[in-house]
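Me: Could you take a close look at how the helices pack in this model? I'd like the contacts spelled out, with the cut-offs behind each term.

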Amino acid sequence: MPSSTWSRKTYELVADILAETFNKPTHGKPSKVDVFTLVQAFIVEFQIDNPRFDADRFRKAATAKLIEDGVWL
């Protein structure tokens, strides 16, 4: 079995970038559909690379600030 080309640090970096991008005031309120679609696209790629990739943890990391700030109730 080939080794993973992505690392945990990569997953965390992508989640941080998504979270930061979605929370910039200049972007307005992000659409749940747009955010979900983008996050899901990364999840698919990461799971192909690493079957043990934790999709729920990644999804929470990428969207937690939106929920915390009340953007999505």
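Reply: Happy to! The axes of α1 and α2 come within 12 Å and cross at roughly 175°; axes here are lines fitted to C-alpha atoms, for helices over the stretch in contact, with angles running from 0 to 180 degrees between N-to-C directions. That is why α1 and α2 count as roughly antiparallel (the label for angles over 145 degrees). This is a predicted model, where local features need pLDDT of at least 70, side-chain atom pairs count only at pLDDT 80 or more, and totals for chains, interfaces and linings use all residues. Residues are numbered from 1 along each chain as its sequence is written, and side-chain values use heavy atoms, leaving out hydrogens and water.

On the α1 side, Tyr11, Val14, Leu18 and Phe22 touch Val35, Leu38, Val39, Phe42, Phe46 and Asp49 of α2, contact meaning heavy atoms within 4.5 Å. By class, this contact has 9 nonpolar, no polar and 1 charged residues (Ala, Val, Leu, Ile, Met, Phe, Trp, Tyr, Cys and Pro are nonpolar, Asp, Glu, Lys and Arg charged, the others, Gly among them, polar).

Turning to the next pair, the axes of α2 and α3 (residues 55–68) come within 10 Å and cross at roughly 155°, so α2 is roughly antiparallel to α3. Among the residues in this contact are Val35, Val39, Phe42 and Phe46 of α2, with Phe58, Ala62 and Leu66 of α3. By class, the contact of α2 with α3 has 10 nonpolar, 3 polar and 1 charged residues.

Finally, the rings: Trp6, Tyr11, Phe42, Phe46, Phe53 and Phe58 are linked into a cluster by ring pairs, a pair being rings of Phe, Tyr and Trp (its six-membered ring) with centres within 6.5 Å.

Conventions:
Helix = DSSP H or I, 4+ residues; strand = E, 2+ residues; numbered from the N terminus. Parallel < 35°, antiparallel > 145°, perpendicular 65-115°, else oblique. Phe/Tyr/Trp six-rings, centres within 6.5 Å; stacked < 30°, edge-to-face > 60°.
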